[in-house]
Structure formats: structure tokens, C-alpha cells
Amino acid sequence: MGLIARRLAQLVVVVILSTLFAFALLRLFPGDAADAVIPYGTAAQKAKFRADTGLDQPFFQQYATWLGNLAQGDFGKDYQSNTPVADKLQTALPVSLQLMLYAQIMALVVAIPLGVLTAYRAGTKSDRAINAGAFALLALPSFVLALALAYWVGVKWHPDIPLLGQVPVSGYEPGWLEAVFGAPTGDLGKHFATMLLPSVALAAGLVAVYMRLLRSDMIATLQENYITMARSKGLSDGHILWRHALRPSSLTLLTVAGLNFGTLVGGAVAVEVIFQIPGIGTLIYQAINARQLVELQSYIAIIAIGYVLINFVIDALYVVLDPRIRRARA
Amino acid sequence: MPAPDGDPMPDDPTRAEPTRADPMPGLVGEATRGRPIDAGTIEMAAVETGPEVRRLRKKGLGIAAWLSIGWIALVVGLAILAPVLPLDDPKASITDIARRGPFADAGSAPGHLLGGDFNGRDMLSRLIWGGRTTLLVATSAVIIGFVLGGILGLLGGYFRGKVDVVVSLLLDVFLAIPAVILALALVTILRTQPGTSGGGLDPEVALILALGLVSIPVLGRITRASTLSWSQREFVLAARAQGAKHRRILWREVLPNVLPAMMSIALLGIAVAIVSEGTLAILGASVETDTPTWGNMIAIGRINLQRAPHIVFEPALMIFFTVLALNMLGDVVRSKLDVREGAL
Amino acid sequence: MSTPGTALLEVTDVATWFDTDRGLVHAVDGVSFTLERGRTLGIVGESGSGKTVLSRSIMGLLPKKGIVRHGSILFDGVEIGHATPKQMRRYWGANMAMVFQDPMTALNPVMKVGKQITESIRNNLDVTRSFARELAVSLLESVRVPDPERRMGEYPHQLSGGLRQRVCIAVALACGPQLLLADEPTTALDVTVQAQVLDLLEKQQRERFMALLLVTHDLGVVAGRADEVVVMYAGQVVEKASTATLFSDMKMPYTEALVRSIPKIAQPSHTRLTAIPGRPPDLVDPPKGCRFAARCPYVQDRCRDEQPPLRPGVVPGHEFRCWFPVGTPEGAEALARNHAAGVGTGTT
């Protein structure tokens with residue numbers, strides 16, 4: 001219990017510091033923020049802006065107000081279109097979350113069997129070939145892959161080749177998660193079609209990382225005594241690989257998958273822009289182009305908080321998966 | 001290996017293959033692997049490839065390593081020599097070759113090996129000049145990260161206690177925000193905004209600073225993990241017992257041992273920085289598009305993806321091969337220089 | 001099924017070599033013995049003597065690559081010495097089972113104890129899930145694990161060392177094998193628990209009429225519990241005899257040294273422990289003469305030049321490998337000569 005309390009405290013501290021930092025970004029801006037956010041506003045409007053955002057107030061007082069606003073769901077607004085950021089987030093967050101989720105699932109579905117297979121056949125030609133492929137995949141940035149997919153599917157194959165050629169390379173159809181956020185849902189079939197290429201573009205790099213990670217952990221696990229004992233019971237290789245070796249080897253994979261939500265956001269931003277998916281990445285892109293610093297601040301804060309929370313959840317999941325840690329923590 | 005999306009997080013602990021020299025490790029010696037599993041272990045593993053590492057059977061480097069070195073040398077050489085090479089002006093338009101593909105196509109622009117972009121600018125020249133800028137930005141950024149992150153990591157790992165708490169907290173905060181987002185925000189904030197009351201930096205400088213700041217936490221963490229483990233070795237205790245000052249120990253004893261891990265991560269970091277520049281460029285946060293970088297060439301070429309894909313894919317391939325070569329080198333550096341640790 | 005009296009296990013001239021960077025390691029180099037159901041054979045030797053590799057070779061639990069095997073292993077009349085893992089799998093669990101040295105690492109740490117027993121049952125026997133569970137519980141009872149129902153749902157780290165080893169024994173016995181190999185089953189346990197576990201093995205063997213192969217470095221373990229003992233050194237059998245003969249009429253100096261090195265309660269306190277000086281030879285390039293020569297108090301020139309073969313002793317069934325055996329005139333002379341010259345006390 002003491003350990004969880006400590007982690008929670010750490011969590012709070014990191015959240016505070018990162019939101020502080022996000023908040024401070026606006027203050028770091030060299031020049032007048034009002035000029036950037038509402039460049040065509042009147043002097044009065046700019047003054048009101050400065051008052052609203054508290055640019056003239058003491059730093060920490062304004063930070064406290066801002067944080068309070070965040071907690072109540074007031075994320076500021078886009079001054080150009082005069083839309084509250086919260087509304088934008090309502091439609092955009094589920095989009096990005098679904099994208100990252102699909103990418104992770106896709107990556108795990110491909111990487112786990114590959115990892116098990118290459119660990120089982122470590123050192124053979126097929127193992128080396130797959131490893132070389134994974135290494136090359138690591139060097140391929142997701143935006144390059146996204147562009148390549150957009151080109152091949154959108155230009156070369158579309159619309160002549162059936163099925164594959166029909167996959168859309170731009171645009172978005174709402175899916176299922178929107179319901180949780182109170183946004184309209186859409187046709188699931190079309191939804192998955194629009195999300196297919198972006199997910200693949202994001203997943204490819206992850207596959208390489210996950211596969212190598214699982215492989216090296218499995219190779220080490222397979223040398224353990226209990227694997228030999230399992231063999232001596234007459235269990236088949238498949239049974240041993242999947243039921244005995246996989247679970248103890250999957251913990252590092254879990255950590256990395258969790259930590260990768262941060263990486264995913266970075267890649268998702270570019271992928272969303274390329275495939276014109278209206279997620280939080282696109283919002284950030286637009287905010288930067290329109291120099292909506294207030295909006296940007298909120299996005300960064302949300303991402304930071306989300307990331308920290310996810311890590312906390314991953315940590316908690318550990319305890320469930322590995323009974324040894326349960327005991328160590330007790 | 002860092003995932004190629006601009007987040008410089010090394011997360012691949014290369015563990016051992018079973019070596020022929022120790023066919024049944026469970027028999028001859030009891031190697032119980034009772035390691036606690038947490039994120040720290042991943043870093044430790046990335047840092048300290050322990051005695052289970054495959055022994056140095058192959059002398060010299062493989063062909064893949066040599067190819068990588070060759071490619072890097074080529075790219076760096078061209079980048080350095082760009083001003084004196086007989087290249088077309090990367091900013092000048094030659095209308096004839098606009099959107100003409102590279103030599104393989106019929107109807108190519110003669111005399112322009114890699115075709116032209118949508119403005120008619122020579123692609124070959126833009127690629128080389130682009131490489132120059134891209135590499136300059138990436139390397140400068142990593143140097144910043146190396147120095148600052150290194151200092152932080154050394155201090156935290158060596159002195160531990162309160163210093164480490166502060167350092168770790170600092171690094172954790174930086175890591176809480178995905179690197180690309182952070183870099184994006186920093187670039188936006190730092191660079192000169194047209195139409196505002198002055199202030200701000202040259203976009204290239206802003207980019208370097210942003211990418212540099214973003215690479216601090218990763219290099220800091222690795223340095224810290226490595227320093228933590230090396231600081232606990234006997235020779236450090238021995239030096240302390242002999243009355244050596246901290247500064248001396250850090251400089252003479254700890255740093256040389258930590259350096260190999262840092263070097264390998266630095267190489268990977270440059271690769272990541274190149275990719276980050278690309279990601280930022282797509283989002284409109286790289287240097288002005290008149291000055292080519294591989295990233296912004298892709299960004300502006302996007303519109304023409306359908307008609308003239310080479311504008312996008314030529315710089316994309318440059319990024320891919322360079323990152324591949326850097327990853328390979330980083331791997332090689334790590335495995336070669338860590339033999340000393342293996343002997344322990 | 002073999003009838004009592006005929007050999008369940010016939011090991012003839014078995015050798016297992018490992019192909020490593022440095023060369024071929026002759027871990028097991030020409031071992032022969034037989035074992036019948038209902039009998040216990042003790043295999044004794046220090047670390048590196050090849051006893052563990054031998055037991056793994058008999059089971060067929062060796063790594064896939066880099067192994068060279070010779071000789072014949074007949075199990076119930078069927079040759080299994082060169083069987084593939086797939087072929088061996090039919091035997092594992094159902095016909096032959098193994099108890100490993102360290103119960104902590106032998107059990108899967110993230111799998112419940114009960115499951116580790118039932119999975120063996122369900123894999124080898126065609127029974128329902130509930131029957132397997134009942135069988136597992138009764139197995140735990142028979143190995144004297146208290147509160148077996150509760151233990152089924154626990155994880156290995158929640159059990160003490162002795163209990164863990166009992167669980168391992170339960171796993172091994174689950175499908176009623178005819179041959180049980182126990183590889184240093186008590187080495188990792190507290191002394192107080194060791195006797196209990198050995199007693200348990202003995203009892204189970206009697207009740208199930210199994211052949212028991214007891215591998216250990218501790219002569220004391222085999223003293224009261226084995227019918228026959230094989231002493232191994234550097235991959236070879238150096239003495240083989242019934243337990244009584246071994247202790248009363250040992251011939252190989254190594255055996256003598258082993259017996260001497262057991263500390264005895266009857267000795268006065270502060271009696272020096274007799275260790276055997278020196279280390280076993282390099283198995284990649286074994287010496288051409290007797291492998292114990294470098295450490296033997298009886299060593300003579302002939303020992304270094306010529307490897308002694310296994311010769312039968314006076315009592316039938318007793319074999320040993322020595323030119324100047326203990327308790328013989330040649331042996332006594334050799335010893336005296338060495339003492340006088342101040343050599344042969346085992347410096348490498």
C-alpha cells in the first residue's frame with residue numbers, strides 16, 4: 001500500500017510540473033502573445049485577451065486559475081473561429097485514441113507471434129531474415145510509410161484493384177469511441193476502412209520494436225529451469241512456448257507498449273495530417289499554423305496528463321500480471 | 001532502438017543468444033534470473049550488456065557495418081562539400097525541369113540526375129544541400145542533448161540522494177510530454193512570428209534548440225543509469241577511499257566508462273532527430289521552405305504526391321538510408337565498446 | 001511392462017559430448033549400468049563429473065544443437081539413445097520423469113501450483129478436468145503437503161523450499177512413471193528437510209514400484225537408500241558396486257577419498273575436514289591416462305600413461321577403474337612409495 005501511495009504522489013508531482021511547463025510556454029513567448037493569437041484584433045480586444053488569459057497577473061495565480069479551469073473542463077478557446085477547445089476535443093480525442101489503439105493492437109497481433117517464432121527458432125536463417133526485416137522497419141519513419149501507403153493505395157492501386165484499391169487515403173468516418181465522449185458515431189465498416197492505412201503506418205515501427213523485445217526476453221526465459229521441467233512433463237513445444245514461456249516474458253513488452261503511447265502521439269500527429277484524420281494531431285497542427293497558443297497550451301497539458309495516467313495504469317497492471325511483484329510489494 | 005517517430009526512447013535491451021560456449025547454463029552454474037522488472041531495468045539492460053553478451057567471436061566489422069559507415073561518410077562528405085561542389089542553386093527555378101522525374105523516366109530533364117521539384121529546382125542539389133542542413137540541425141541538437149543531458153545524468157547518477165531526486169524529476173517531466181509535441185511547441189514559441197512585435201529566433205536555431213532540449217531527457221536517463229551502475233563498482237569506492245575529489249572521480253573514473261553507452265545512444269539520437277525534423281516539417285514547424293531540408297522537401301512535395309512522387313520519395317529514401325546506417329552504427333558501437341563490461 | 005527383475009533401463013557405453021567454441025567437451029564418456037523396477041541406483045560424483053549430463057541424456061532433455069551422442073539407452077527394451085525430442089515426448093511424464101535440483105527455478109513462477117500438476121496429468125492421461133484436479137490434490141496429500149486444496153491455488157514463491165520440492169515430486173509422479181530420475185533433489189534444501197524429502201522419495205518408490213535413479217554429490221544420501229552405487233569422475237564410471245560393498249570394500253581411491261570427506265558425528269570436534277585437493281581435469285582434452293591421476297594419493301607412472309579399464313572385483317557386480325586399488329597389495333605399496341617420496345598428494 002505504501003508503494004502505491006508513493007507512486008501516486010510521484011504522479012501528482014509530475015502532472016503538476018508538466019502542466020506548469022505547458023502553461024509556462026505561453027509566458028515564454030518572445031513578444032506579445034495577443035499579437036500572435038488575435039493578430040487582426042483591435043487594441044481593445046487584445047487588452048481583453050490579456051485580461052482573460054491573465055497575462056498581466058502574477059504567474060502562479062494565473063496558473064492556479066488555469067489549472068482550476070482545466071479541472072472543470074474549460075480548456076480555453078480557439079480565438080480564430082471562436083470555438084471552445086472542449087468542443088473540438090470532444091470530436092477529436094476519440095479519433096486519436098482509436099487510432100492509437102488500433103495501431104497498438106495491430107502491432108501486438110503481428111509482433112507477438114513473430115517474437116515467439118523467432119525466439120523458438122533463434123539463430124536459424126528465418127530468424128535472421130525476420131530480424132533484418134525488423135531492423136529495416138525501425139529505420140522507416142511512420143510518416144514516410146504513411147506517404148508511401150497513400151501513394152501506392154491512393155494513386156497506383158485506386159480504384160482498379162478491388163478491395164485494396166478501395167481503401168480511402170483521406171477522410172474519416174466516426175467509429176465507436178465517440179459515444180463515450182458524447183460525439184456522433186458512424187458507420188463502423190467505413191470507419192475501419194478509413195483507419196486502416198493510418199493504423200498500419202503507425203503500427204509498422206512498433207512491430208519491429210515489440211518483436212525484438214519479446215524475442216530477447218523469450219530467449220532468456222527459454223533457458224530457465226522450469227522450461228526444461230515443463231518439457232520433462234511431456235508437454236508439446238507449442239504448449240510450452242505459449243503457456244509457459246510467453247507470460248513471464250511479456251512484462252517488458254507491456255512496459256514498452258505502455259510507454260509507447262507517448263511515441264504514438266508523436267507519430268500520430270504526422271499520420272493524421274497526412275491522411276486527413278481529424279484527431280488531436282490535426283488540431284495541434286492547425287493550432288500551430290493559426291498560432292493559437294492558448295489552444296496549444298491546453299492540448300499539451302492534456303497529452304501530458306493522459307500519458308502520465310497511462311503509465312500509472314501500466315504500473316498497476318504489472319502487479320496483476322506478476323505475482324512475485326505482488327508479494328514483494330506486500 | 002528508438003521508434004521512428006521522433007521520440008528518442010531507446011527501448012531495446014539486446015539480450016544474449018545462447019552461446020555455444022555455455023551449452024547448458026542451468027547445469028554448469030546456477031544462473032537464477034531473479035531480476036525485478038521495471039522501466040529502470042530496461043535502461044540498465046540497454047546500458048549494461050552484461051556478461052551474458054555473446055562473446056566477441058567475430059573480429060572486425062561485418063559488411064553491413066562497413067556499408068553503413070560508407071553511406072554516412074558519403075552523406076556527411078557531400079554535406080560538408082556542398083558549397084564547393086558544382087551544383088545548381090537549390091533555390092533557383094529552372095522551369096523546364098519542373099516536376100520532371102529522375103533519370104529512369106522517359107521525358108526526364110537531361111543534365112538533372114534526379115529531376116526537378118514543382119518549382120523547377122534541381123532535386124539533386126536540393127538533396128545535398130538539404131542533407132547539409134538536416135545533418136547540421138540533427139547533430140547540433142544531439143550535441144546539446146549530449147552535453148546537458150550528460151551533465152544531468154552524471155550528477156544524478158553519481159551523487160544520488162536529493163540531487164538524483166531533482167534530476168530524475170526533471171527528466172520525468174520532460175518525458176511526460178511526447179517529444180514531438182514538445183519540440184513542436186518549443187519551435188512555435190521560440191521562432192520569429194511574422195507580424196508580431198519582434199523577438200524570437202531564426203527558425204533554424206529554434207529548431208536546433210527545440211530538438212536539443214527534447215533529446216536531453218533520453219541522454220540524461222541513459223547517462224544516469226550508466227553512471228548509477230558504474231558508480232557502485234569497487235574502483236570508484238577505492239578512489240574515494242584514497243581521498244580523490246568528486247570532480248576527479250567523475251572525470252577520470254566514471255565518465256570514460258559511461259561514454260560508450262552515451263556514444264551509441266547519441267548516434268541513435270541523431271537518427272531520431274532527423275526523423276523528428278521530418279515530422280516537424282510535415283506539421284509546418286521546420287525551417288522556411290526555401291532552405292531545403294529533407295523534412296521540408298517531403299512536406300512541400302506532399303501536394304504533388306500524385307503527379308510527381310519523386311519529389312517526396314527522394315528525400316524520404318535519403319532519410320531512410322541515413323537512419324538505417326546510423327542505427328546500424330549505433331548498434332555496432334554499443335556491442336564493440338561494451339566488451340569491457342562483458343569481461344566483468 | 002517389464003517384469004520385476006529384468007532391467008527397465010539399460011545404459012550401454014553412453015557418451016555425451018558438447019560441441020563448444022573450445023572444442024568437444026567430453027561430459028559423459030562411456031557409462032554403462034542397468035536398473036530394474038523397484039530398485040534404486042545412486043550416481044555419485046562432484047560437480048562436473050557428468051552426473052547431471054548423464055541423467056539429462058537418459059531423459060533425452062539435452063539442448064537441440066551442438067550435442068554428439070554415442071552408445072545405447074534401452075528403456076523397457078526400446079532404444080531411446082538417439083530418439084528425437086518428439087519421440088521422447090511420449091515417454092516424458094508418462095513413463096519417465098525427473099525431479100530437478102532447485103525447486104524454486106524448476107517451477108514456473110507465474111503459474112499456480114495446482115495447474116503445474118494438472119497440466120501434466122491432462123497432457124499424458126485422458127481424463128476430465130475435475131478428475132485431474134482430484135488426482136492432483138491426492139498427489140499433494142501423498143507427498144505430505146499440508147492443506148493441499150489451498151496449496152493448489154498458490155504460487156511457488158508462497159511455499160517453502162521443502163514444500164516446493166514436494167510439489168515437484170508430485171508433478172513427477174503424477175502420471176505414474178516407471179522410472180524416476182532425481183537430480184540432486186535435496187541439495188538446495190535445508191538439512192532438516194533433506195531427510196524428509198529423501199524418505200518421501202523412498203516411500204513413493206516402494207509404493208509405486210518405480211526404478212529410482214538418485215543423482216547426488218553426497219555419498220551420505222546414497223548410504224542408506226540406494227541398492228547400488230555408481231561413482232563418476234570426469235565423465236567416466238570409476239566404481240560401481242552394491243552400496244554395502246562400496247562402503248565396506250571400496251577399491252577406487254576416489255571413492256575412498258569421497259568416503260573420507262564425509263564429516264562424521266562420531267569424530268571429536270575440530271577434526272579437520274578432509275577435502276580432496278586439486279580440481280577435475282579439462283574435459284575438452286581429457287588426459288590419456290587415468291583422469292584422477294593428478295589428485296590421487298596412490299598415483300604411479302602407469303596411471304598417467306595408461307587409462308585403467310573397468311575391472312571386476314571380487315564380489316560379483318563390483319567394478320572399478322584403477323591400477324593400484326585400495327586394499328590391495330599393489331595399492332598399499334603405491335601409497336607407501338608416494339608417502340616416502342612426498343609426492344602424489346594431489347597437487348595438479
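Let's start with a question: is the crossing of α9(B) and α10(B) left-handed or right-handed? This is a predicted model, by the way, so keep that in mind as we go. And the crossing comes out right-handed.

Here's the geometry. In chain B, α9 covers residues 246-282 and α10 covers residues 294-301; their axes sit 7 Å apart, at an angle of about 30 degrees. Angles under 35 degrees count as roughly parallel, so that's what we call α9(B) and α10(B).

Who's touching whom? From α9(B) you've got E277(B), G278(B), L280(B), A281(B) and I282(B), and from α10(B) it's W294(B), G295(B), N296(B), I298(B) and A299(B). Sorted by class, that contact has six nonpolar residues, three polar and one charged.

Okay, over to chain A. It has 14 helices and two strands, and its C-alpha atoms fill a box of roughly 80 × 60 × 35 Å along the principal axes. Of its 330 residues, 48% are buried. If you take the chain A contacts with a separation of 6 or more, 70% of them are between residues 24 or more positions apart.

Last stop, where chain A meets chain C. There, 18 residues of chain A are in contact with 23 residues of chain C. On the chain A side, the elements giving two or more residues are α10 (225-232), α11 (237-275) and α14 (323-329). The largest share, six residues, comes from α10(A). By class, that side of chain A has five nonpolar, six polar and seven charged residues.

That's my tour, thanks everyone.

Note on methods:
Residues numbered from 1 in each chain as written. Chains lettered and ligands numbered in written order. Predicted model: local features only at pLDDT ≥ 70, side-chain atom pairs only at ≥ 80, totals over all residues. Helix = DSSP H or I, 4+ residues; strand = E, 2+ residues; numbered from the N terminus. Buried ≥ 20, exposed ≤ 12 C-beta atoms within 10 Å, placed from the backbone. Contact = placed C-beta atoms within 7 Å. Nonpolar A, V, L, I, M, F, W, Y, C, P; charged D, E, K, R; others polar. Axes fitted to C-alpha atoms, helices over the stretch in contact; angles between N-to-C directions. Parallel < 35°, antiparallel > 145°, perpendicular 65-115°, else oblique. Left-handed = near helix turned anticlockwise from the far one by under 90°.
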